[in-house]
Amino acid sequence: MDKLLFSLALISSGLALGYSVQKMAASGSLSLMLPIADLRKILQKIGLLFFMPLSFLSAIWAVSFHDLRVVLLPVVGFCALMIGGLLGLGLSRLLRTPTRQKGVLYCCGSFTNIGSIGGLVCYMFLGEIGFALVTIYKMSEEITYYTIGFPIARYYSGATDDHHSVLSRIRSVLTDPFVAAALTAFVVGLSLNLSDVPRPDFFETVTAVSVPVGTFILIVSIGLGMRFSSVTSYLRESVGISVIKSVIVPVIACTIAYLFGLHQINNGLPFKTVMILSAMPVAFNALLAASIYDLDLDLANSCWLVSTGCLIVVMPILYILINLF
């Protein structure tokens with residue numbers, strides 16, 4: 001229970017701090033050396049280029065690959081992202097939303113906060129090995145976003161003049177510094193793991209510090225961009241997306257994971273990882289896609305806020321379910 005309370009407190013305090021700084025800077029009661037947008041980018045770089053890669057490297061070094069079925073985790077992750085996006089499009093058809101909102105609902109249904117919030121919850125609930133499995137589950141995440149999700153968002157924006165090939169999109173993803181840092185950490189950690197190089201004991205402390213610190217920094221950066229004004233205008237859409245993210249996708253993803261036999265590995269740890277990560281809220285990348293392609297940014301912001309707020313209910317349920325298996 002302490003782990004559950006700590007996770008909720010870390011997420012809520014990070015969002016509250018970021019939002020408070022944003023509002024105080026806007027009112028003039030707090031003077032910042034940098035604009036809010038620049039501050040957010042710096043915090044994201046610190047979290048995504050230092051703390052999270054360090055955490056992933058340390059954790060993946062310790063994970064066991066004796067049962068090769070664990071490599072099916074990225075397949076489950078890919079399926080969860082695609083199913084969520086398709087359900088988002090289904091919701092848009094059910095609610096008869098305008099074209100500009102269809103791309104948003106696809107992205108909100110698909111894009112999932114696997115790395116920061118999902119990684120924290122896995123670490124707190126499942127320990128270091130559970131956190132290591134996050135890196136495997138999310139291997140296809142960025143490529144799926146940038147080669148499938150973003151082009152779909154662009155299509156619904158009406159800007160269909162992009163003739164970049166799939167190969168060029170994949171190349172641009174792999175050369176992105178944030179993706180490159182995560183992949184490098186994974187490759188180095190995996191190489192050390194498979195080479196049977198013993199991991200120094202102090203790396204357990206490295207993970208224990210870098211996961212919550214890195215997550216807190218990223219969540220503060222998210223709080224710096226929060227806006228509550230649009231929620232009431234898009235309550236139906238936001239609730240629908242939250243049901244997709246918190247209920248439907250996890251049920252389907254866990255069914256796939258069960259059929260793959262992931263519940264039979266290491267006391268069901270890979271299965272529990274799927275249970276947690278498939279139930280995480282809308283990722284901030286959904287807001288990025290809406291902003292880039294001039295879609296309904298207020299709708300994306302509303303879906304993000306409501307689905308993230310649902311964590312206060314989702315996380316205790318996940319905690320109970322995990323301890324039942």
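Is Ile 248 buried, exposed or partly exposed, and at what relative accessibility?

1. Ile 248 counts as partly exposed, because its relative accessibility is 32%, which falls between the cut-offs of 20% for buried and 50% for exposed. The model under discussion is a predicted one. Ile 248 belongs to helix H10, which covers residues 235-259. Together with Leu 235, Val 239, Val 243, Val 247, Val 251 and Ile 252, Ile 248 makes a nonpolar surface patch of about 520 Å².

2. The largest nonpolar core comprises 94 residues, and Phe 125 and Val 274 have the most contacts inside it. Helix H5, residues 114-137, gives the most to this core, namely 15 residues. Leaving aside neighbours within four places in sequence, Phe 125 is in contact with Lys 3, Leu 4, Ser 7, Ile 276, Met 315, Leu 318, Tyr 319 and Ile 322. Another core, of six residues, lies apart from the largest one; Leu 43, Phe 51, Ile 217 and Val 220 are among its members.

3. The aromatic pairs number 11. In one of them, Tyr 123 and Phe 131 have ring centres 6.1 Å apart and planes at 85 degrees, so the pair is edge-to-face; an angle over 60 degrees is what this class requires. Both Tyr 123 and Phe 131 are buried.

4. Tyr 155 and Tyr 156 also form an edge-to-face pair, with 5.1 Å from centre to centre and 80 degrees between the planes. Tyr 155 is exposed, because its relative accessible area is 54%. Tyr 156, by contrast, counts as buried, since its relative accessibility is 19%. Elsewhere, Phe 111, Tyr 145, Phe 150 and Tyr 293 form one aromatic cluster.

5. Two salt bridges are present in the structure. One joins Arg 199 to Glu 128, with the closest N and O atoms 2.4 Å apart. Arg 199 sits in the loop between helix H8 (177-194) and helix H9 (202-223), whereas Glu 128 is in helix H5, so the pair ties together parts that are 71 residues apart in sequence. Glu 128 counts as buried, because its relative accessibility is 14%.

6. A salt bridge is also formed by Glu 141 and Lys 138, whose closest N and O atoms are 3.1 Å apart. Glu 141 and Lys 138 are both buried.

Terms used
Residues are numbered from 1 along each chain as its sequence is written. This is a predicted model: local features need pLDDT of at least 70, side-chain atom pairs count only at pLDDT 80 or more; totals for chains, interfaces and linings use all residues. Side-chain values use heavy atoms; hydrogens and water are left out. Patches are made of residues with over 30% relative accessible area and no salt bridge: like charges are joined within 9 Å, nonpolar side chains (Val, Leu, Ile, Met, Phe, Trp, Tyr) within 5 Å. Accessible areas come from the Shrake-Rupley method with a 1.4 Å probe; for residues, only the protein chains shown count as cover. A salt bridge is a side-chain nitrogen of Lys or Arg within 4 Å of a carboxyl oxygen of Asp or Glu. Helices (H or I, at least four residues) and strands (E, at least two) are DSSP runs, numbered from the N terminus. Buried means under 20% relative accessible area, exposed over 50%, partly exposed in between (1.4 Å probe, protein chains only). Rings of Phe, Tyr and Trp (its six-membered ring) pair if their centres lie within 6.5 Å; planes under 30 degrees apart count as stacked, over 60 as edge-to-face and the rest as tilted. A nonpolar core is a set of buried Ala, Val, Leu, Ile, Met, Phe, Trp, Tyr and Cys residues joined through side-chain atoms within 4.5 Å. Contact means heavy atoms within 4.5 Å.
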